[in-house]
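Dear colleague,

Please find below the structure that I am handing over to you. The notes after it set out what was found, one part at a time.

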Amino acid sequence: MKQNRIPAGDLAPEGIYPPTEEMLDEPVPDEVRARQEDNLRAAWKTPQGWRYWTAVNNSEVGLWYTLTAFFFMLMAGVMALLMRLQLWAPENDLISADRFNQLFTMHGSAMMFLFAVPMFEAISILILPAFLGARDMPFPRLSAYGYWCFLIGGVFVIGSILFDAAPKAGWFMYPPLATKEQGIGSDIWLLGLSFIEVASIAAAVELIVGALKCRPPGMRVNVMPLYAWYVLVVGGMILFAFPPLIAGDFLFELERSFDWPFFDPTRGGDPMLWQHLFWIFGHPEVYIIFLPSIAIAAMVVPTVARRPILGYSWIVLSAVGTGFLSFGLWVHHMFTTGLPNISLGFFSAASEAVVIPTGIQLFAFVATLIAGRVVMTLPMLWIAGALAIFTAGGLTGVMVAIAPFDWQVHDTYFIVAHLHYTLFGGMIFPVIAGVYYFFPFFRKKMLSERLGRWAFWLIFTGFNICFLPMHLTGLLGMPRRVYTYPEGLGIDWLNQISTVGAFIIAAGFAVFAWDILRPKSGQPQIERNPWGGGTLEWSHEIPETKWGVRSIPYVTTRYPLWDQPKMVDRMDRGRYYLPDAEEGLRETIVTSVIDARPLQVQRVTGPAYITILAAGFTGGAFIFPTFHLYPPAIVCAAFAVVCICYWLWTSTARPPEADMKEAGLGLRLPTYAAGPQAVGWWAVWITMLGDATAFASLVFGVFFYWTSNAAFPPPGAEHASGTLVALATAAFAAAWLATRAARGLNRAGRVGAARAGLVAGPLLTAAGMAAIIFSVLDLDPTTHVYPAMMWALMVWLVAHASAGLIMQLYCLAGSLFGKLTPRYDADLWNVTLFWHFLGLTALVTGAMIGLVPRMM
Amino acid sequence: MAEPGRDDRQPTAHEDEREFAEERESLWRITLGPTIWAGHFLICYASVSVYCFRLERMFGMEGLRLALGALTLACLAAIGWIGWRAFRRWEVWGTGEFSNPVGNAEDRHQFLGHAGFLLALVSFIGVVFDALPLLLIGSCR
Amino acid sequence: MTASLRAETTGPRPRAPRRAAARLWPLAALALLAGCEGRQSVLVPAGEDSRVLGDLFWVMLVGAVLLWIGMNGLFYWATRRSPAAHSQYLANWLVILGGILFPTVTLGALLVYGLSIMPDLRATGDGPVIRVTGEQWWWRVEYERADGSTVTTANEIRLPAGVRSTFLLDSKEVIHSFWVPSLGGKMDMFPGRVTEMTLGPERPGVYRGQCAEFCGESHAWMAFEAEVMEPAAFEAWLEAEAAEARPPEGALAERGRALFFAQGCGGCHAVRGTPAVGQVGPDLTHVGSRHSLAAGRLGTSVEDFAKWVANPGAWKPGAEMPAYAHLTDDQLGAIATYLEGLE
């Protein structure tokens with residue numbers, strides 16, 4: 001029983017790996033196959049009737065997600081049509097100024113936050129597991145939770161337009177306009193979209209872990225489908241781009257709710273800080289939207305060219321390079337704010353440099369098409385349209401990246417044209433190409449070739465009729481975001497052309513939507529792999545099965561369906577890994593990050609109500625403060641925490657019935673993992689990177705005020721109590737130490753000592769929270785931005801410490817009730833990891849409140 | 001039973017740590033180029049901001065521009081060295097596809113080497129571009 | 001609209017550089033195409049800055065069109081004209097040359113071009129210094145004179161041709177952006193900080209400027225006229241502008257003046273030389289001589305004044321000035337006559 005002494009998380013796989021050809025050629029008896037299929041079918045059964053909505057499987061959640069995002073896009077599109085009608089003639093009075101401002105604010109916000117980013121996540125949730133031959137995402141309930149959050153938040157935000165209460169300060173929400181705005185519009189924007197951003201980050205974490213840890217055995221990083229690479233890059237970008245906005249939203253809402261003057265220049269605040277935080281998010285956001293669409297093109301192009309993609313590593317590297325460079329562009333949205341020329345120059349330079357990796361990606365596609373035998377299919381037609389439009393948008397992008405030229409066209413219709421060219425070419429067209437390409441994958445029916453061509457030509461011509469003239473409209477002096485314009489500027493006829501074009505686009509979308517939604521019951525199911533693709537998603541069986549892949553293959557090539565001819569047959573027979581579900585549990589295989597060696601059988605979670613409840617309460621916690629109803633918000637937040645604890649307690653890191661399990665092909669894999677072996681640990685690590693970025697944004701804020709404002713902190717200002725800050729920092733450090741020690745003690749079998757650490761931890765945390773609160777209590781945050789910033793840092797720390805405290809108690813409870821033992825200690829590893837970040841946050845906060853201001 | 005180039009090693013309990021240790025150098029190379037670009041970019045932007053908002057009256061800009069120029073040269077040299085090492089690791093006249101039907105560690109190794117080289121190239125161009133404003137614009141206006 | 005139909009008083013400008021004239025034909029063609037007089041157009045430059053930026057635009061446009069045709073031509077060729085498989089060797093080189101080498105060189109050159117023109121566009125001014133403050137939704141304009149005094153006006157900028165004027169930009173409540181496309185680029189106006197820009201107008205004429213940063217409900221109606229004048233004319237105008245308001249002429253205007261004070265207009269507006277010293281709204285000392293009323297919203301006829309005073313919100317949603325709908329048409333006419341006479 002040597003095994004029982006080593007922690008379950010440290011068990012090594014046993015048996016044969018990699019499999020040999022002889023093993024793969026062994027037949028599977030028919031009765032075994034039938035029994036296995038029955039087991040799998042039972043384990044992966046979609047809930048029936050009204051319980052359908054408790055499904056968490058990626059194929060269901062991904063579908064809901066996609067349709068919801070598509071619906072929000074149609075709504076935002078209708079808003080655009082209303083705006084185009086208003087702009088049909090000069091001094092038109094169809095729509096009032098106030099209503100128009102709500103419309104363009106909501107059009108931009110919805111397209112960005114409710115369509116473009118969620119659409120990437122939706123499509124990825126839907127198809128990434130299939131690309132990787134996995135059965136599901138690593139955390140299905142997290143996907144479901146993210147979806148319900150998105151739905152609730154999205155309906156709340158977009159619904160406000162029907163009540164004439166929508167935000168109306170532009171999708172960029174510049175203070176002081178947005179801080180002064182009467183009504184609840186700005187609060188809806190800030191709280192509703194923060195809520196959705198949290199959901200987006202959750203999805204990003206899951207997608208990153210999925211691409212890193214849920215690849216099929218043998219699929220090394222150098223043979224991963226390009227889509228998975230893009231998921232990694234984009235997920236990473238979301239992790240570093242969204243948190244600055246969340247930090248900005250946090251400050252903004254504190255100003256709106258409690259009058260803490262972060263952006264009010266009369267009390268030392270600075271509206272420029274918001275612009276920095278917003279655009280540090282806002283520019284990477286453009287690439288977050290664009291790269292996944294390139295990824296779709298990267299899946300369509302090889303199929304069309306009938307050959308592997310040319311320059312695989314070039315494309316991967318371009319994606320990574322674009323990801324990096326995109327964080328050096330944000331000030332090009334602020335070229336007219338009066339920053340020194342030389343600062344603008346840096347951002348002009350980076351904005352030009354980012355064109356190079358983008359160009360490499362496009363040229364790699366063209367090169368693949370040149371080197372291949374092209375069969376022009378409908379998805380390819382959309383890709384061609386995308387290229388025509390995107391290159392035009394990219395070239396105007398090169399123009400506006402030159403700062404002095406931007407001084408002329410910034411905030412004019414030239415920019416409206418430019419951004420729609422990049423977004424239609426870089427997002428809408430490739431996504432529609434993806435819908436035509438992947439529709440047979442997820443619905444097992446083809447879309448209509450004829451309707452598809454109609455939709456293409458309507459949208460393509462309509463788009464150019466609508467947006468090409470806008471370049472000239474802008475050059476003739478029409479600013480953006482005007483609800484009307486005087487006659488005599490020579491822009492009347494241009495606006496009329498644009499309006500006509502907008503309705504042609506709408507007609508195209510109507511055709512497209514009809515093609516998707518029309519009943520297809522009379523239509524035959526597709527043949528397997530209708531496009532002749534080479535990647536794993538086309539191995540799925542017809543008719544549809546809910547288990548994804550029948551068995552998880554051993555993959556050594558980039559286009560296994562082309563290069564490993566016997567593979568599909570072996571998969572179907574269940575010759576590969578995890579062909580069975582004997583315990584009736586949903587399982588997928590976890591592999592190593594670089595070489596994808598099989599490491600573990602991961603039990604994934606099944607249908608649940610708790611995710612819906614958790615999302616509902618989380619929604620309440622964000623939505624009630626919009627109406628300044630704080631008590632119900634706090635109640636909702638508490639219930640949300642309870643729901644999430646219940647969900648984690650009942651379905652994650654449970655000690656398994658057996659430590660090892662046959663995974664097929666003579667390989668035995670552990671069923672439990674802790675620490676860096678566990679997907680949950682990776683998820684915590686990745687989430688906390690994002691969280692640390694948000695915290696770094698707050699710290700950046702302090703230094704920003706110091707550079708931009710000679711009186712920060714104001715001379716003679718009262719500082720936080722040094723003693724209390726020091727005490728708080730010491731208490732948090734001790735709590736951190738206690739948590740880390742508990743992990744070691746627990747693993748060493750000294751359960752009593754570990755529990756003592758988990759009792760001391762929360763007490764020390766609580767003491768630290770009290771000390772840090774009292775240290776700033778004498779400062780009045782409404783008087784000046786300096787005390788407000790100190791309070792904000794305090795609130796941030798206290799909020800995180802509360803989470804840390806709950807986690808310590810969760811582990812203590814786990815230890816007391818046998819969920820957490822010396823052998824099964826994954827929870828404590830994850831909590832310790834969280835505490836590493838929290839400990840650092842506490843130390844930095846201590847320095848920022850107690851030391852730094854005294855030295856400034 | 002073993003095919004040529006086939007990688008028969010068993011996965012271990014701490015497989016991820018092992019693989020990362022094996023590719024530590026390649027992974028460094030991949031991230032180092034862009035990280036140097038990012039560092040150069042941030043230092044240039046931050047020091048110019050602090051100078052223009054806080055220190056403009058205390059000393060002339062030439063000193064700052066010279067210092068940042070020296071930093072640029074150092075960054076270019078570092079990226080050049082990384083790129084050169086990556087270039088030598090990678091079989092230049094190979095197929096450039098870095099995959100084969102049985103899958104082996106060498107392909108992955110070469111792929112990461114190539115990756116490092118390309119990212120060094122893009123970072124190099126990025127640093128050169130970012131140095132142009134230092135050369136062409138000499139004041140805080 | 002009277003304001004917008006007002007003809008441009010443009011004459012040929014003797015000192016305009018020749019290279020600009022040589023490039024004028026495409027501009028003129030486009031201007032004609034647009035069927036307008038180009039009072040607010042980037043493509044019809046009337047100053048040094050806009051001319052330099054116009055040149056930059058045409059260079060970039062030609063380059064962009066050529067590149068677009070090249071890239072899409074290649075794609076068309078590869079997918080439609082010659083879909084058969086071609087040499088992989090050629091395709092590889094295409095990525096290296098087209099994807100890396102060519103863009104690096106062209107973008108580098110463009111960047112050098114763009115950066116090198118920036119210092120001149122922010123050269124220190126040698127002409128008048130003008131403070132412009134963005135209000136909801138109008139422009140407070142103050143000229144700083146050599147003797148240290150300031151001349152306050154609103155919603156109109158006048159500039160001498162041939163020198164660089166300096167603008168010190170500020171805002172009262174929210175962010176605005178100051179932009180006269182015919183003269184040059186834009187610059188944002190922030191509450192709590194002063195941004196600076198300089199413009200070097202060359203060709204006399206009346207141009208239209210507009211707020212370019214979304215600033216609330218009537219953002220669309222925050223405009224102004226910018227008149228470029230010969231230096232001597234400018235000096236004369238500034239002298240006149242510095243003077244106190246003319247007394248009303250005629251009984252109707254006299255009655256208007258009385259009503260103006262009886263209605264409390266002076267609480268918000270200043271009319272220098274009278275008891276009206278309000279600072280909330282635009283200075284009205286010489287409002288009758290301006291090109292437009294209410295920041296480019298209306299003309300300056302008597303009817304325009306009457307329409308505005310009766311109900312500002314109808315012309316500019318959200319305007320802070322209350323409606324004077326309780327006044328009779330006669331009373332409105334009298335006030336309007338008085339205001340129109342303030343030349």
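**The sheet of chain C**

In this predicted model, chain C holds an open sheet of five strands, ordered β3-β2-β1-β5-β8, and the pairing in it is mixed. Its edge strands are β3 (150-154) and β8 (195-199) of chain C, each of which pairs on one side only. From one strand to the next, the twist averages 25 degrees.

One pairing deserves a second look when you have the structure open. Strand β1 (residues 129-135) of chain C runs parallel to strand β5 (residues 165-171) of chain C, and six bridges join the pair. Within β5(C), Asp170 of chain C is the residue that stands opposite C:Thr133.

**Annotated regions of chain C**

An unreviewed UniProt entry supplies the annotation "domain: Cytochrome oxidase subunit II copper A binding" for residues 125-240 of chain C. In the model, residues 125-240 of chain C are 9% helix and 47% strand, with 24 Å between the end C-alpha atoms.

The UniProt annotation "transmembrane region", again from an unreviewed entry, is given for residues 56-78 and 90-115 of chain C. Residues 56-78 of chain C are 100% helix and 0% strand, and their end C-alpha atoms are 33 Å apart. Residues 90-115 of chain C are likewise 100% helix and 0% strand, with 36 Å between the end C-alpha atoms.

**Where chains B and C meet**

How many residues does each chain bring to the contact between chain B and chain C? Chain C contributes nine residues and chain B contributes seven residues. On the side of chain C that touches chain B, five residues are nonpolar, three are polar and one is charged.

**The two domains of chain A**

Chain A is divided into domain 1 (57-517) and domain 2 (675-855). Taken over C-alpha atoms, the centres of these two domains of chain A are separated by 35 Å. Their contact takes 29 residues from domain 1 of chain A and 29 residues from domain 2 of chain A.

Which helix gives the most to the side of domain 1 of chain A that touches domain 2 of chain A? That helix is α8(A), with nine residues. At least two residues of this side come from each of α7 (185-213), α8 (226-258) and α9 (271-305) of chain A. By class, the side of domain 1 of chain A that touches domain 2 of chain A comprises 22 nonpolar, three polar and four charged residues.

**Two residues of chain A to examine**

A:Lys546 lies in the loop between α17 (492-517) and α18 (560-563) of chain A. Why does A:Lys546 count as partly exposed? The reason is that A:Lys546 has 15 C-beta neighbours inside 10 Å, whereas a buried residue has 20 or more and an exposed one 12 or fewer. Leaving out residues up to four places away in sequence, A:Lys546 touches A:Trp44, A:Lys45, A:Thr46, A:Asn57 and A:Ser59. A:Lys45 is 501 residues away from A:Lys546 along the chain, yet their C-alpha atoms are separated by 6.7 Å.

A:Leu24 sits in helix α1 (residues 21-25) of chain A. A:Leu24 is also partly exposed, because 17 other C-beta atoms lie within 10 Å. Apart from neighbours within four places in sequence, A:Leu24 is in contact with A:Pro19, A:Arg570 and A:Arg575. From A:Leu24 to A:Leu665 the distance is 7.8 Å, C-alpha to C-alpha, although 641 residues separate the two in sequence.

Yours sincerely

Note on methods: Residues are numbered from 1 along each chain as its sequence is written. Chains are lettered from A and ligands numbered from 1 in the order in which they are written. This is a predicted model: local features need pLDDT of at least 70, side-chain atom pairs count only at pLDDT 80 or more; totals for chains, interfaces and linings use all residues. Two residues are in contact if their C-beta atoms, placed from the backbone, lie within 7 Å. Ala, Val, Leu, Ile, Met, Phe, Trp, Tyr, Cys and Pro count as nonpolar, Asp, Glu, Lys and Arg as charged, and the others, Gly among them, as polar. UniProt positions are given in the numbering used here, feature names are shortened, and annotations may be inferred rather than shown by experiment. Helices (H or I, at least four residues) and strands (E, at least two) are DSSP runs, numbered from the N terminus. Domain bounds come from an automatic or database domain assignment. Two strands pair if DSSP finds at least two bridges between them. Axes are lines fitted to C-alpha atoms, for helices over the stretch in contact, and angles run from 0 to 180 degrees between N-to-C directions.
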